[in-house]
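Hi everyone, thanks for making time.

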Amino acid sequence: MTGVLVLLERHAGAIAAASCEAVGVARSIANGGPVVGLLVGPGGAAGATGLGVDRVLLAESPNLDHPSGAQLAVLLAAAADAASSTTIVVPGTARGRDLVGRVAVRWNASAATNVTEVATSGSGALRVTRPVFGGRATEELELPGPRQVLALKPHAFSPPATSPAPTPVEPLALPEGLAKAPALDVRGFQPTVGGKGPELGDASIVVSGGRGVGTPEKFQVVEDLAEAFGAAVGASRAVTDAGWRPASYQVGQTGKAVSPQLYIAVGISGAIQHIVGMVSSRVIVAINSDPQAPIFRVADYGIAGDLFAIVPALTQAVRAARSH
Ligand SMILES: Cc1cc2nc3c(=O)[nH]c(=O)nc-3n(C[C@H](O)[C@H](O)[C@H](O)COP(=O)(O)OP(=O)(O)OC[C@H]3O[C@@H](n4cnc5c(N)ncnc54)[C@H](O)[C@@H]3O)c2cc1C
């Protein structure tokens with residue numbers, strides 16, 4: 001039996017999908033042991049019921065309205081000790097990835113990020129798999145016990161079945177010094193959004209446009225397709241460098257790394273610096289007028305043709321399909 005602690009991140013008042021995936025993983029490795037959620041900041045226990053955790057520890061204090069990574073690492077270690085957990089699972093969000101190293105050092109644990117598979121071994125070790133070299137290979141690691149910290153790859157796991165039973169919520173005794181003013185005072189937290197849609201790093205569908213769209217005005221064709229899907233909008237660096245769209249849209253080596261269920265590259269050639277930021281997407285669709293464009297080498301589905309003929313028709317088809 002292994003006790004597992006999960007960080008429950010809230011976005012806009014609701015528990016983030018990535019945290020629900022983390023609960024599913026926690027349940028699969030707990031071997032009947034307790035799965036405990038940690039909620040931090042204002043909002044009380046809202047959203048905790050039905051998640052599949054056995055109980056929730058709630059850390060509340062005016063200084064935790066916008067907790068820093070350092071504060072969260074202290075809280076995670078304290079909550080894991082309070083819950084007698086031997087493993088901490090954090091969601092595959094930017095925040096989760098930031099926390100893994102901090103918590104592992106503080107809690108004296110072995111750690112892995114970007115995990116796509118996890119299994120327990122009889123000795124208390126965890127065997128994890130994760131993509132490496134931009135998704136061109138997978139790596140298997142054994143994390144020795146007695147303590148492990150995992151950050152998951154977004155969308156690699158399913159959330160557990162929900163349960164209507166109320167979840168017990170208990171306050172977490174705040175560790176010494178945490179309730180005092182932190183060394184770093186985070187005054188606000190604003191996720192980077194790709195257009196009007198979901199956050200680029202969290203989105204399950206991303207539609208990205210490249211220089212092939214031609215002008216900032218014509219980039220709208222990419223945004224229309226994204227809107228039809230309810231997807232986030234991304235862009236190549238050619239687009240952001242030209243100022244057609246803000247730098248926050250950029251996918252790639254010097255932009256955001258994304259791994260959605262579906263990535264649609266529109267008018268993007270497929271330079272290696274772009275590929276490394278999206279190659280671990282589950283399904284890649286490329287639309288490009290040049291049949292020799294390198295993007296087709298990583299695409300699961302390729303459409304060679306003029307984007308201005310293809311994308312509006314696709315947008316219409318998606319809208320029609322979703323309206324039924
Ligand atoms: C250090 C460094 C870091 C970098 N980091 C990044 C990064 O993070 N992200 C990133 O994206 N790039 C990055 N780059 C830049 C990268 O090398 C490429 O220059 C860039 O990705 C090219 O963008 P693009 O594919 O939109 O443009 P292009 O390479 O110009 O490709 C445009 C594509 O559109 C197609 N096209 C044209 N018209 C149409 C049409 N009507 N219909 C369909 N297709 C059409 C063309 O066939 C072409 O393949 C980096 C470069 C360096 C040196």
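**Salt bridges and a covered strand**

Let's start with Asp241, which counts as exposed at 57% relative accessibility. Since you'll want the cut-offs: buried is under 20% relative accessible area, exposed is over 50%, and partly exposed is in between, using a 1.4 Å probe and protein chains only.

Before I go on, this is a predicted model, where local features need pLDDT of at least 70 and side-chain atom pairs count only at pLDDT 80 or more, while totals for chains, interfaces and linings use all residues. Residues are numbered from 1 along each chain as its sequence is written, and side-chain values use heavy atoms, with hydrogens and water left out.

Back to Asp241: it forms a salt bridge with Arg237, with the closest N and O atoms 3.1 Å apart. By salt bridge I mean a side-chain nitrogen of Lys or Arg within 4 Å of a carboxyl oxygen of Asp or Glu. Arg237 is partly exposed, at 44% relative accessibility. Helices (H or I, at least four residues) and strands (E, at least two) are DSSP runs, numbered from the N terminus.

How many salt bridges does this rule give? The count is eight.

Another one of them joins Asp54 to Arg27, with closest N and O atoms 3.0 Å apart. Asp54 is in the loop between E4 and E5, whereas Arg27 is in helix H1 (residues 17-29), so this pair ties together parts 27 residues apart in sequence. Both are partly exposed, Asp54 at 37% relative accessible area and Arg27 at 33%.

Then there is Arg55 with Glu170, whose closest N and O atoms are 2.8 Å apart. Here strand E5 holds Arg55 and strand E12 (residues 169-171) holds Glu170, so the parts tied together are 115 residues apart in sequence. Arg55 is partly exposed at 22%, and so is Glu170 at 32%.

Now for the strand. Is E4 (residues 35-40) mostly covered or mostly open? Mostly covered: six of its six residues are buried. Side chains in a regular strand alternate between the two faces of the sheet. In E4, Val35, Gly37 and Leu39 point one way and Val36, Leu38 and Val40 the other, all of them buried.

What does E4 pair with? Strand E1 (residues 4-7) pairs with E4 in the parallel sense over four bridges, and Val6 stands opposite Gly37. Pairing here requires DSSP to find at least two bridges between the strands. E4 also runs parallel to strand E5 (residues 55-59), joined by five bridges, with Leu57 as the bridge partner of Leu38.
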